[in-house]
Amino acid sequence: MPAPFTLLDAAGASRKPSAWEDAVLVLVDHQREYVDGRLPLTGMPQAVAACADLLALARRHEAPVIHVRHHGKAGGAFDPGSPFAAFIDGIGPRDDEQVVSKPLPNSFAGTDLAERLAALGRQELIVAGFQTHMCISATVRSALDHGYRVTLVASACATRDLPDPLGGEPVSAAVLHRATLAALNDRFATVVPDASAWQS
C-alpha cells in the first residue's frame, strides 16, 4: 500500500494558511450551550481560548468577522430565548461584526451567509468553532461548493464522545475530532494546529 496522502497535496494545492488580508474569519456556534448547557464538549476551556486568539488576530489585521449562531426549537438545545444560546463571554461579536443565525448544521443552509460573504469580496475563509464533526464539518464542506478556500484551526474546535453505531466502544471526542480534521484536510480545507500558523 502507498503511503497516505491527501487529494489536495496530490493536486499540488497550496497548504499555506489563508492570509488575513484575503480572508474572512467565520466563527461557528461559539455559544454557551457547549460550555454550561445541555451539550458540554470536551476541552472547551482550551478551545475557547484558541477562538479568542483567532478573534484577536482577525481584529488586529482588520479582517472581516462573521459570527454564526445556532437557533434551535423553543424548549430544546439552542432555544433562542435561553441564556445558553448566547455567545460565550469573551468571543462574542463587536458592534461592527456581522452575526448570522442558522437553523441547520451547515452555516450556508437557510441563511444569507453566502450573500454576506460575496459582498465582502474575499475568497478565503478561516473557520473555527463547534462541534468539529457536526457544524464545522458541514460548513467547511459546503464552503468548497461555494468556491471558497478554507483554513481550519484545529485547536479552536471541539466535539464530544459519541456511541459507536456498530456496537463497539464509544468513539472518544479526541478520536472523533482528529478523524474529522483528517477527513476535511484531505479535500475541503487546510488544517492548521493553532494561531501560531500566522507567526512570521
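**Group meeting: backbone, burial and cores**

Let me start with Phe 78, which sits in the loop between strand 2 and strand 3; helices (H or I, at least four residues) and strands (E, at least two) are DSSP runs, numbered from the N terminus. This is a predicted model, where local features need pLDDT of at least 70 and side-chain atom pairs count only at pLDDT 80 or more, while totals for chains, interfaces and linings use all residues. Residues are numbered from 1 along each chain as its sequence is written, and side-chain values use heavy atoms, with hydrogens and water left out.

Phe 78 is not a glycine, yet its phi is positive, near 65°. Is Phe 78 buried or exposed? Phe 78 is buried, at a relative accessible area of 5%; buried means under 20%, exposed over 50%, and partly exposed in between, with a 1.4 Å probe and protein chains only.

Asp 79 is in the loop between strand 2 (65-70) and strand 3 (98-102). Asp 79 is buried without a salt bridge, and the nearest side chain of opposite charge, Arg 38, is 6.7 Å away. For charge, Lys and Arg count as positive and Asp and Glu as negative, with His and the chain ends not counted. A salt bridge needs a side-chain nitrogen of Lys or Arg within 4 Å of a carboxyl oxygen of Asp or Glu. Neighbours within four places in sequence aside, Asp 79 is in contact with Gly 72, Lys 73, Ala 74 and Ala 85, contact being heavy atoms within 4.5 Å.

Glu 62 also has a positive phi, near 55°. Glu 62 lies in the loop between helix 3 (44-60) and strand 2, and is exposed, with a relative accessible area of 69%.

Next, the peptide bond between Phe 130 and Gln 131: it is cis, with omega about -15°. Gln 131 is placed in the loop between strand 4 (124-130) and helix 5 (132-145). The buried residues of helix 5 include Cys 135, Ile 136 and Val 140, and what covers the buried ones includes strand 1 (23-28) and helix 6 (173-187).

Finally, the cores. A nonpolar core is a set of buried Ala, Val, Leu, Ile, Met, Phe, Trp, Tyr and Cys residues joined through side-chain atoms within 4.5 Å. The largest has 29 residues, and those touching the most other members include Met 44, Phe 130 and Trp 198. Helix 3 gives this core its largest share, nine residues. A second, separate core of 24 residues includes Val 26, Val 100, Val 140 and Leu 152.
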